[in-house]
Amino acid sequence: MTQLQSAFTIFLSLLVEALPFLLLGVLLSSALLLFVDETRLIRLIPKNPLLGALAGSTFGFLFPVCECGNVPVARRFLIQGFPPSVAIGFLLAAPTINPIVIWSTWTAFRDQPEIVVLRVAFSLTVATLLAWTFSAQADLRPLLQPVVARCVPQPQPAMASATSPLLRSGTFWLGDAAGQRVDAMDLQTQMLTTPSEKLSFQDRLNLLLANCVQELRELGGVLILGSAIAAAIQVGVPREIILSVGTGPISSIVAMMVLAAVVSICSTVDSFFALSFASTFTTGSLLAFLVFGPMIDLKAIGLMLSIFKGRAIIYLFGLAAQLVFILTFSYQMLN
Amino acid sequence: MLDLERLNLRNPWLDVCAIALWGLVLLKLWLGGQLHLLIHPAYHWLTIFAGIALSAIALVKTAELLKKTSRQNSRARNSQAEHLNFFPPGLGSCILIFTAVLGLIIEPTVFVSATALQRGVNDFLPITQSQPQSFGQVTRPEEKTIIDWVRTLNVYPEPDAYSGQKVNVEGFVVHSPVLPDNYFTITRFVMTCCAADVYPVGLPVKLETSRDRYPQDTWLAVQGEMITEEFSGKRQLTIQPSSIEEIPVPANPYHY
């Protein structure tokens, strides 16, 4: 009974700490999706694939989305003719490289600032390298789901796509996607079909509200499941087992990466989750959790399948896992 | 299998209810003075802000739903299209509502010795845990709290350096299995961020008799002086008490 009460207290405290950040993320991403015009951005992107990858990886500062919000945005980038390196860099880095996530990580680990700095540095490195690798594939379409591939412009006249007639067609999302469950946000569908200047302020406000409610409902549910798992592990699993896994240099990193993939907790709040393991797990493994989790997890894979074919996701998953392991393991060995 | 459509889980009122209830939970924890059991005081304002904002969103959404014209109604139905397919429609709201109700009914508890033993009471801060950031300006040893002592020890871990200094600390009793029967550990929990990361710190107290006189989880004020004892080959700073008094559980049982 005491254990159950302790577990509930831990669960509640994780939620109390994480909800404000989730709410901030939801509010900001809703607002910015409405007010930032990415067709202007496309002209500013460097042509060089490596620089493009780096630029894409830092776009999170403009679109502070967690790993649930980045997939629709990345897909929109591809369709609007952004170079693949930019879209993939964004897809992998945006959930970590954004002000809200950096702040929440700092809140959780203010006593270990190296975790905050390294989280950003490692995420940026992995995302940029991966996006650069993918840019070797000049035409990304064979790796994309047919629905998305049809909308992606030819690689050569990519820059002309800002005025592509596809953008104006209005119903291709819903029409083309009839066969599969597309997760297009209502808001984004509206954005694509309605030029933003035509929306009245009242309409924008209503859309913003609708988007907030929708994201809170979905992400809140995932957050609750994640917190429940964290609390249950803390209270239920004997300390010796956690310690034996958590102090091994390799086992701790592998365990935290698997946990990150399974728990699928939102990146705005995952640092609080990681914090509950801080006293028993190595710093390297906490970093692995914080870098790998936002890039690839079960929930994100579900979402990414709405852009990529399975093959591409296996490449992404494998490469990201190896890079994160190498980086965090070397960090651990150097300390 | 539940027929989700029939249960009408896409009802927008379900979302409003979920958001309103969570706003209520956060505000109740704040107004009921229980936030400090859950998170570090530095972040109370974030929770309070979230409680107010969630309630506001619920109110605005309620107003919108109430005055909706039929044209807007049809748009609202479209907006119910899920943007994630992680949950079946409405399940997210149901989970939120269920946990919020639990949060309203069940009071958060103060951690006790069972948790302390599970997490391991030490006279040092865990290596991967927070590095000490402040040592305060406490110069008089009898004004040091348990966490002050532990922080001091962390910086200069030579127990003999503190022998003979006066001690006056408050905490609860933990019967550590690694200490002999005439020692208990006077313990406090330290919170860095939230209740998920609280960890116990404590100092052994030497008794003339068996520690059974002081049951676990009793809150005590211990006065005396510091001595050095050896436990399983390791010298450790220990309290030689001159007086041990039972005290009520403090309003705020955690150190920060």
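Student: Which side chains does Arg119(A) meet in a salt bridge, and how is such a pair defined?

Tutor: A salt bridge is counted where a side-chain nitrogen of Lys or Arg lies within 4 Å of a carboxyl oxygen of Asp or Glu. Here Arg119(A) pairs with Asp270(A), with an N to O distance of 2.9 Å. Helices are DSSP runs of H or I with at least four residues, strands are runs of E with at least two, and both are numbered from the N terminus. The model is a predicted one, in which local features need pLDDT of at least 70 and side-chain atom pairs count only at pLDDT 80 or more, whereas totals for chains, interfaces and linings use all residues. Side-chain values use heavy atoms, with hydrogens and water left out; residues are numbered from 1 along each chain as its sequence is written, and chains are lettered from A and ligands numbered from 1 in the order in which they are written.

Student: Are Arg119(A) and Asp270(A) buried or exposed?

Tutor: Buried means under 20% relative accessible area, exposed means over 50%, and partly exposed lies in between, with a 1.4 Å probe and protein chains only. Both Arg119(A) and Asp270(A) are buried.

Student: How many salt bridges are there over all chains?

Tutor: The count over all chains is seven. Another of them joins Arg235(B) to Glu158(B), whose closest N and O atoms are 3.4 Å apart. Arg235(B) lies in strand 5 (residues 234-246) of chain B, and Glu158(B) in the loop between helix 7 (146-155) and strand 1 (166-174) of chain B, so the pair connects parts 77 residues apart in sequence. Arg235(B) counts as partly exposed at 38% relative accessibility, as does Glu158(B) at 25%.

Student: With which other residue do the side chains of Arg235(B) meet in a salt bridge?

Tutor: Arg235(B) also forms a salt bridge with Asp160(B), at 2.7 Å from N to O. This pair, too, links distant parts of the chain, 75 residues apart: strand 5 of chain B holds Arg235(B), and the loop between helix 7 and strand 1 of chain B holds Asp160(B). The relative accessible area of Asp160(B) is 43%, which makes it partly exposed. Through shared partners, Glu158(B), Asp160(B) and Arg235(B) form one network of salt bridges.

Student: What pattern does chain B follow along the sequence, and how much of chain B is buried?

Tutor: Chain B has seven helices and six strands, in the order α-α-α-α-α-α-α-β-β-β-β-β-β. Of its 256 residues, 51% count as buried. A contact means heavy atoms within 4.5 Å. Among the contacts in chain B with a separation of 6 or more, 71% involve residues 24 or more positions apart.
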